[in-house]
Amino acid sequence: NCRHSPFFHRGAMKEHIKFHSRVIVARTAVGMRQSVEFEQGIGKCHVFVHPSGLACAVLADGEYPMRVAFQLVSEVIRVFMEKHSGTWQTVTTDTQLEFPEGDEFLQKFQNPAEADKITKIEKELDQVKDIVIKSMDDILKRGESLDALMQKSNDLSTTSYQFYRTAKKNNQCCKLY
């Protein structure tokens, strides 16, 4: 999807993506997965070459989780092989095969937390962890406040006892009979 780039650059960008994808696929052994980071940190290309020889490449930004990218690639290959079994094995040149499911998968995997249950759980755990840390900080602050209050109470108790002793000493001279 090249909608984020200027209109006049899209053709060159698509050719650039196609070229790099083909090079990375050609250098990946059958049955293997590979992730290649592009220069200047603009993203990664995740490639899986199925044992049958069918390959799929996904380009994503550098922050996209690798596990989710390979899950996308595996699902796309599985569904493609089910839908086009017997037709893609004989293709030797660029051929347009209808595969609307590919767009559906790309839409589904736009948000990795929604597409992958493990990523979603990790995100929820991070949120819970943040809440627990905030709660612990609040408890520690309250503890510090309680310590300060206890110290003031002890100081007040000591001062009142000293006042009592001083008052008792001063009142000894004035006894009423």
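Analyst: Two aromatic pairs are present in this predicted model; rings of Phe, Tyr and Trp (its six-membered ring) pair if their centres lie within 6.5 Å, and planes under 30 degrees apart count as stacked, over 60 as edge-to-face and the rest as tilted. Phe 80 and Phe 99 make an edge-to-face pair, with 5.2 Å centre to centre and 75° between the planes. This pair links distant parts of the chain, 19 residues apart: Phe 80 belongs to helix 2 (residues 66-83), and Phe 99 to the loop between helix 2 and helix 3 (100-108). Helices (H or I, at least four residues) and strands (E, at least two) are DSSP runs, numbered from the N terminus. Phe 80 and Phe 99 are both buried, where buried means under 20% relative accessible area, exposed over 50%, and partly exposed in between (1.4 Å probe, protein chains only).

The pair of Tyr 161 and Tyr 164 is tilted, at 6.5 Å centre to centre and 35° between the planes. Both tyrosines lie in helix 5 (residues 117-170), three residues apart, about one turn of the helix. Tyr 164 counts as partly exposed because its relative accessibility is 49%. In the protein, buried residues make up 21% of the 177 residues.

Residues are numbered from 1 along each chain as its sequence is written, and side-chain values use heavy atoms, with hydrogens and water left out. As the model is predicted, local features need pLDDT of at least 70 and side-chain atom pairs count only at pLDDT 80 or more, whereas totals for chains, interfaces and linings use all residues.
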